[in-house]
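Dear colleague,

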Amino acid sequence: MGLSGISLLTTTYSLILQHQSLLLCLRAKGFGLDLKKDMEGVDYLSDERKKAQFDVEAMKIAWAGSLEAFQLSDRMAKLVANDPAFEKFTRPMLGRKELIKNTLRKAAHGWKLIVDLRLTEEEAKWLRLYIDEPAYTDLHWGMFIPAIEGQGTEEQKKKWLPLAKKMQIIGCYAQTELGHGSNVQGLETTATFDPQTDEFIMHSPTLTSSKWWPGGLGKASTHAVVYARLIVGGEFHGVHGFIVQLRSLDDHSPLPGVTVGDIGMKFGNGAYNTMDNGVLRFDHVRIPRDQMLMRVSQVTREGKIMQSDVPRQLIYGTMVYVRQTIVADASKALSRAVCIATRYSAIRRQFGSRNGGPETQVIDYKTQQSRLFPLLASAYAFRFVGEWLKWLYTDVKERLAANDFSTLPEAHACTAGLKSLTTSFTADGIEECRKLCGGHGYLVSSGLPELFAVYIPACTYEGDNVVLLLQVARFLVKTVSELGYKKPVGTTAYMGRVASLMQNNCAVQTAEGWLNPGAVVEAFESRAARMAVRCGQQLAKYENPEEGFAELSADLVEASIAHCQLIVVSKFIEKLQQDIPGKGVKQTLEVLCYVYALFLLHKHQGDFLATGYLTPKQASLANDQLRTLYSKVRPNAITLVDSFNYTDHYLGSILGRYDGNVYPKLYEAAWKDPLNDSDVVDGFYEYVQPILKQKLRTAKL
Ligand SMILES: CC/C=C\C/C=C\C/C=C\C/C=C\C/C=C\C/C=C\CC/C=C/C(=O)SCCNC(=O)CCNC(=O)[C@H](O)C(C)(C)COP(=O)(O)OP(=O)(O)OC[C@H]1O[C@@H](n2cnc3c(N)ncnc32)[C@H](O)[C@@H]1OP(=O)(O)O
Ligand SMILES: Cc1cc2nc3c(=O)[nH]c(=O)nc-3n(C[C@H](O)[C@H](O)[C@H](O)COP(=O)(O)OP(=O)(O)OC[C@H]3O[C@@H](n4cnc5c(N)ncnc54)[C@H](O)[C@@H]3O)c2cc1C
C-alpha cells in the first residue's frame with residue numbers, strides 16, 4: 001500500500017472515531033449514555049503533524065526570537081493556563097458589573113503572582129498577554145508610567161515612578177476628549193498657571209472638553225496624566241501633560257471638583273467591556289506647579305516658560321512607544337486567529353467524497369488556501385517587523401536619553417505607519433478567519449467573535465489608522481522634496497536610488513524568476529518610490545501646499561501603504577539573511593516570505609501596473625508562482641501554527657483546539673449554555689404558551 005493509501009486509512013479511522021465520539025455525546029443527551037466516553041486524548045491532527053517538513057521545536061524558537069524568549073513565554077503561558085483563577089470561557093455571558101469585578105479580581109491575582117514570584121518586567125508583559133483580558137493595568141503600565149518616564153524630569157521620575165511601580169497609585173493616560181481625539185492641538189481642557197499660589201488650575205470649560213475614552217479612568221485610576229492647554233499670563237503655550245490626582249487614596253471617592261465615571265458598554269460581549277474607559281471633568285481643580293511634566297518645557301515659579309533643547313514632539317513620545325507595542329501585538333492577534341482557522345480547516349470536511357470515502361478537508365480547497373495562507377504568512381511577517389521595530393524603538397530611546405533627536409521623525413513615521421498597516425490587516429484578517437470557519441466561526445466558543453471585538457479598536461486607538469498614514473505621507477513628501485540636497489537614510493534610503501527606480505523595469509521572465517529576493521524588493525521599492533514621487537509632482541502643482549495635501553490625501557495614503565508594505569517585505573527578507581537554525585526552518589520561512597510578498601503584489605497589482613514597473617504578463621507570472629507556493633505551505637500548515645506555541649487556554653477556541661477534537665466539544669459546550677439549564681425556557685408560560693393556546697376565530701395572516 002502506498003503512502004496515500006495509508007494516509008487515507010488513518011484519516012478514515014480518525015473520522016470514524018470522531019463520529020463515534022459524537023454519537024456517544026448525542027446519545028448521552030438523548031438516551032442517557034456516558035458523555036465522558038468521547039475520544040479524549042486522541043490527536044485528530046496527528047496525520048497533519050506528521051506531514052511537517054521542518055523541525056517544529058526549532059520553528060518555535062525562531063518565532064519567539066530566541067531560546068530564552070521561548071522558554072520565558074512558554075513558562076508564563078503555562079502559569080496562566082494552569083491557574084483556574086484565569087478561566088475566561090464564561091466571560092461573554094457576564095453582565096457588565098460582574099465582568100468588571102471579575103477583571104479586577106484577575107488583575108489583583110496577576111499582580112500577586114508578579115510580586116510573589118518576583119517576576120521580571122518581561123515576564124509580567126507575557127503574563128498580561130496570556131491572561132488575555134484588557135484591564136486598567138494595561139494603561140497604568142503601558143501609558144501612565146511611560147508618560148512619566150518619557151516626559152518627566154529626573155526629580156519628577158524620582159517622586160512618581162516608585163509609587164506607580166509599586167502600584168500605590170493607579171494611573172491612566174487622559175488625552176482624548178469628547179470633541180477631539182486625532183487633533184491633539186485642538187484639546188480644550190485648560191491648565192492655567194496661578195502665580196499667587198504656585199498652582200495650575202485644571203478646568204473643563206465646555207462639554208466637548210470632557211475627557212472621554214481613557215482606559216482605566218472610569219473606575220480604577222487614582223491618578224491620570226492629563227493633556228491640557230497650558231495657559232500662562234493669559235497666553236496659550238501648547239498642549240502638555242499634567243499629573244493629576246482624581247480619587248482619594250483612602251476611600252477611592254472622586255476628589256472635590258472631579259467628576260469621573262465610565263462611558264458605557266462597547267462593541268461585543270465580554271471583549272473590551274472588561275475595560276473601564278472613562279469620562280472626566282474638572283471644575284477648577286488645583287494641582288501643584290511641579291505636577292506639570294517638565295522635560296520639554298518648564299514653567300518657573302515666576303510664571304516664565306523655559307524651553308529645554310528637547311523637541312516639543314517628545315510630548316507625543318508615549319504614543320510612539322505604545323504604537324510600537326501594538327505592532328508586536330498585531331502578530332499575536334493575527335496568529336491566534338490563523339491558528340484557529342487553520343486547525344479547523346484541516347478538521348472540517350465538505351463535499352468530494354468518492355466511493356463512500358471521506359469528504360475533502362476544506363484546507364485542500366485552493367480558494368481556502370488563497371484566503372488562509374496569506375494570513376499565515378502575514379502573521380510571520382508582522383512578527384519579524386515587530387521585532388525590528390522594537391529594536392528601532394530601543395535605539396531611539398537610547399539616543400533620546402543622550403539628547404540625540406535625529407532619528408525621532410523616522411521612528412514616528414515607522415511606528416505610525418506600521419501600526420496602521422498591521423492593525424488594519426489584522427482586524428480584517430480575524431474577520432476573514434471567522435468566515436473561513438463557516439457557520440461555527442460565528443459561535444462565541446470558536447473564540448473568534450470576542451477576539452475580533454477586542455481587536456478592532458486597535459484601528460482607532462493610538463491614532464486613527466488613516467490619520468497615521470497621513471503622518472507617514474508628510475514624512476515621505478518631505479523626503480522626496482529634499483532629495484536634491486539630502487541623502488535619505490533608514491527606511492527611506494531606497495529613495496536615494498530614485499532615478500534608477502523610476503527608470504528600470506522588472507526583469508522577471510518566468511514564474512520561478514519571482515523566487516528572488518532582489519527582484520521582489522526592487523518591485524516594492526519601485527512601486528513605493530514611483531507613487532511617492534508622483535504625489536510630490538502632483539503636490540507641486542498647488543500654490544498652497546496644505547490645500548494640495550488635503551486634495552491629494554487619498555493618493556497620499558496609498559503611497560504610504562506602499563512604503564509601509566515595502567518595510568515589512570524588506571524586514572522579512574533581512575530576517576532570512578540571518579542564521580536560522582533547525583531542519584527546514586529557514587526554507588519554510590522563505591516560502592512564507594514569498595507568499596507574503598507575492599500575495600501583496602497580486603492584491604495591489606493595480607499599483608504595480610499603473611506605475612509602469614510591471615507588465616500584465618509579469619503580474620500574472622507572480623500569481624502563478626503564488627499558487628505553487630500555496631502547495632508548498634499546505635503540508636506545513638498545521639505545524640506552522642503549532643509553532644506559535646499557544647495553549648488551548650490562550651486560544652480560547654473549540655475550533656482551534658490542539659487535538660482537533662472539535663465536534664464533541666462543540667456539542668458539550670452547547671449544553672453548558674445557561675439557556676439549556678431547563679428544557680422549558682423562562683418566559684415560556686408567560687409569552688409563548690398563551691399564543692399556542694389562543695383560539696382566534698379568524699387569522700388574517
Ligand atoms: C496583571 C498584569 C499586570 C501588569 C501588566 C504588566 C505589564 C503590562 C505592560 C505593558 C502594556 C503594554 C501596552 C499596552 C498599552 C496600551 C495598549 C492598549 C490600549 C490602547 C489604549 C489607547 C490609548 C490611546 O488611544 S491614547 C490617545 C492616542 N491619540 C492619538 O494617537 C492621537 C493621534 N494624533 C496625533 O498623534 C497628532 O495629533 C497628530 C495627528 C500627529 C497631529 O499632530 P500635530 O497637530 O502636532 O500636527 P503635525 O502633523 O503638524 O505634527 C507636528 C510635527 O510633529 C511630528 N509628530 C507628530 N507626532 C509625532 C510623534 N508621535 N512623535 C514624533 N513626532 C511627531 C510631525 O511629524 C510633525 O513634524 P514636522 O514638523 O517635522 O513635520
Ligand atoms: C477602545 C479605545 C480605547 C481608547 N483608549 C484611550 C486612552 O486610554 N486614552 C486616550 O486618551 N484616548 C483613548 N482612546 C481614544 C482614541 O485615541 C481616539 O479615539 C483616536 O485617537 C481617534 O480619534 P477620534 O476618536 O477623535 O477620531 P476622529 O478623528 O474623530 O475620526 C473620525 C473619522 O475622521 C477621519 N479623520 C480625522 N481627521 C482626519 C484628517 N486630518 N484627515 C482625514 N481624515 C480624518 C478619521 O479617519 C475617521 O474616519 C481610546 C479609543 C478607543 C476606541
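In the classes used below, Ala, Val, Leu, Ile, Met, Phe, Trp, Tyr, Cys and Pro count as nonpolar, Asp, Glu, Lys and Arg count as charged, and the others, Gly among them, count as polar. Please keep in mind throughout that this is a predicted model.

With those classes in hand, the shell around ligand 1 divides into 17 nonpolar, 15 polar and five charged residues. There are 37 residues around ligand 1, and those that come nearest are Gly 110, Gly 142, Val 184, Tyr 316 and Gly 463. Which helices each supply at least two residues of this shell? They are helix H5 (96-116), helix H6 (121-131), helix H7 (136-151), helix H9 (317-347), helix H11 (408-436) and helix H13 (465-481). In terms of domains, at least three residues of the shell around ligand 1 are drawn from domain 1 (138-310), and at least three from domain 2 (318-642).

Turning to ligand 2, there are 21 residues around it, of which Gln 175, Thr 176, Gly 181, Ser 182 and Trp 213 come nearest. By class, the shell around ligand 2 holds 11 nonpolar residues, nine polar residues and one charged residue. Strand S1 (171-174) and H13 each supply at least two residues of this shell, and the largest share, three residues, comes from H13. For ligand 2, too, domain 1 (138-310) and domain 2 (318-642) each give at least three residues to the shell.

The residues of the contact of H9 with H11 comprise 16 nonpolar, eight polar and two charged, and the crossing in which H9 passes H11 is left-handed.

For H5 and H6, the packing angle is about 150°, with the axes 11 Å apart. Because of that angle, H5 is roughly antiparallel to H6, and H5 passes H6 in a right-handed crossing.

A further pair is made up of helix H17 (residues 553-576) and helix H18 (residues 585-603), whose axes come within 10 Å and cross at roughly 165°. H17 is therefore roughly antiparallel to H18, and the crossing of these two helices is left-handed.

Finally, two annotations come from the UniProt record, which is an unreviewed entry. The record lists residues 316-477 as "domain: Acyl-CoA oxidase C-alpha1", and over residues 316-477 the chain is 72% helix and 0% strand, with the end C-alpha atoms 21 Å apart. The record also gives "domain: Acyl-CoA oxidase C-terminal" for residues 517-693. How far apart are the end C-alpha atoms over residues 517-693? They are 74 Å apart, and the chain over residues 517-693 is 72% helix and 0% strand.

With best wishes

Notes: Residues numbered from 1 in each chain as written. Chains lettered and ligands numbered in written order. Predicted model: local features only at pLDDT ≥ 70, side-chain atom pairs only at ≥ 80, totals over all residues. UniProt positions renumbered as here; feature names shortened; annotations may be inferred. Helix = DSSP H or I, 4+ residues; strand = E, 2+ residues; numbered from the N terminus. Near = placed C-beta within 6 Å. Domains from an automatic or database assignment. Axes fitted to C-alpha atoms, helices over the stretch in contact; angles between N-to-C directions. Parallel < 35°, antiparallel > 145°, perpendicular 65-115°, else oblique. Left-handed = near helix turned anticlockwise from the far one by under 90°.
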